[in-house]
Amino acid sequence: MGEIPEHQRLYFVKNLRGIIYLSRGVSSEKELEWLKRKFRYRELGVSETLKLNLKWKKLLTLPKAVENPVLDSLLQASSFVCPLIILKEESLKDFENAVVAALKTKEKLGDKDLKFNLRLVNYAITDFYTKSIELALQSDLDGRKRLAKKDLRRFWRIPEDADGKVLVAYIDPLLVKGDLQRPIYMSLVPSLVLDLS
């Protein structure tokens with residue numbers, strides 16, 4: 001992340017509302033349109049590794065830290081203290097082995113509830129950021145998993161259903177790459193799966 005000047009990085013930490021991720025080949029026009037409508041005044045980021053050429057003023061393409069789009073998106077979210085917004089449940093499969101806690105539901109959320117839960121995943125990373133990194137530095141992966149499972153309680157308003165779709169997932173970047181060098185890359189990353197199909 002050396003390419004981003006410190007003052008700009010601090011601005012992003014304060015103002016980015018999420019990092020968008022989608023798998024190659026996944027059609028997500030509806031989800032992107034929804035985000036564009038709902039985030040007219042707030043910025044979202046996307047890793048340059050995804051090569052999204054969208055004409056959208058509030059979508060910032062962030063210089064990559066690593067070549068792998070899955071890992072880079074997680075590192076961006078951790079370093080800018082914001083959640084991942086995963087477009088389509090199909091895209092979540094790219095993080096399969098790194099999901100340490102998840103909430104499934106059959107509930108169809110309206111605009112207001114989706115926005116509210118996006119705000120909740122934003123609060124989540126802020127609330128456990130320091131603790132999550134401390135546990136990473138102690139190599140306590142089980143402690144991180146417990147932290148994520150406990151934090152899922154903030155989504156108590158959503159009826160859980162094991163046969164439903166994943167709405168919220170906590171992803172551990174250390175399970176994607178175990179030897180992350182910088183603490184700012186080590187936070188657990190709460191994610192909202194935006195799937196409007």
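Colleague: Which elements are included in what covers the buried residues of H6?

Modeller: Please note that this is a predicted model. The buried residues in question are Gly 143, Arg 144, Leu 147, Ala 148 and Asp 151. What covers them includes strand E5 (99-105), H5 and E6.

Colleague: Why are the buried residues of H6 said to line one face of the helix?

Modeller: The buried set of H6 consists of Gly 143, Arg 144, Leu 147, Ala 148 and Asp 151. Viewed down the axis of H6, these residues line one face because their directions fall within an arc of 140°.

Colleague: Which residues are exposed on the other side of H6?

Modeller: Buried positions of H6 include Gly 143 and Leu 147. The other side of the helix carries the exposed residues Asp 142, Arg 146 and Lys 150.

Colleague: Is Ser 139 buried or exposed?

Modeller: Ser 139 sits in the loop between H5 and helix H6 (141-151). An exposed residue has over 50% relative accessible area. Ser 139 has 62% relative accessibility, so Ser 139 counts as exposed.

Colleague: What distance separates the C-alpha atoms of Ser 139 and Gly 178?

Modeller: Along the chain, Ser 139 and Gly 178 are 39 residues apart.

Colleague: Is Asp 172 buried or exposed?

Modeller: Asp 172 belongs to the loop between strand E6 (165-171) and E7. The limit for a buried residue is under 20% relative accessible area. Asp 172 has 1% relative accessibility and therefore counts as buried.

Colleague: Which backbone nitrogen lies 2.9 Å from a polar atom of the side chain of Asp 172?

Modeller: Leaving aside neighbours within four places in sequence, Asp 172 is in contact with Ala 98, Val 100, Leu 141, Arg 144 and Leu 188. Arg 144 is also one of the buried residues of H6. The backbone nitrogen at 2.9 Å from a polar side-chain atom of Asp 172 is that of Leu 174.

Colleague: Within what arc do the buried residues of H2 fall?

Modeller: Helix H2 spans residues 29-38, and Glu 31, Leu 32, Trp 34 and Leu 35 are buried in it. Seen down the axis of H2, these residues line one face of the helix, since they fall within an arc of 160°.

Colleague: Which exposed residues lie on the face of H2 turned away from its buried side?

Modeller: The buried side of H2 packs against strand E1 (16-21), strand E2 (43-47), strand E4 (84-87), helix H5 (111-137) and strand E7 (189-194). The face turned away from that side carries Glu 29 and Lys 30.

Colleague: Which element gives the most to the lining of the largest pocket?

Modeller: The largest pocket holds about 340 Å³ of space. Its lining has 14 residues, of which Leu 16, Arg 17, Arg 42, Arg 119 and Asn 122 lie nearest its centre. Helix H1 (6-15), E1 and H5 each supply at least two lining residues. The element that gives the most, with 6 residues, is H5.

Colleague: Which element provides the largest share of the lining of the second largest pocket?

Modeller: The second largest pocket has about 290 Å³ of space. Of its 15 lining residues, Glu 107, Lys 108, Leu 109, Lys 165 and Asp 195 lie nearest its centre. By class, the lining comprises 6 nonpolar, 3 polar and 6 charged residues. The largest share, 3 residues, comes from E6.

How values were computed: Residues numbered from 1 in each chain as written. Predicted model: local features only at pLDDT ≥ 70, side-chain atom pairs only at ≥ 80, totals over all residues. Heavy atoms only, no water. Buried < 20%, exposed > 50% of the residue type's maximum accessible area, 1.4 Å probe, protein only. Helix = DSSP H or I, 4+ residues; strand = E, 2+ residues; numbered from the N terminus. Arc of directions from axis to C-beta. Contact = heavy atoms within 4.5 Å. Polar contact = N/O pair within 3.5 Å; in protein donor to acceptor, adjacent residues only side chain to side chain. 1 Å grid on protein atoms, 1.4 Å probe; cavity = no way out; pocket = protein on both sides within 12 Å on 5 of 7 lines; lining within 4 Å. Points joined across faces, edges and corners; volume = space filled by probe spheres on them. Nonpolar A, V, L, I, M, F, W, Y, C, P; charged D, E, K, R; others polar.
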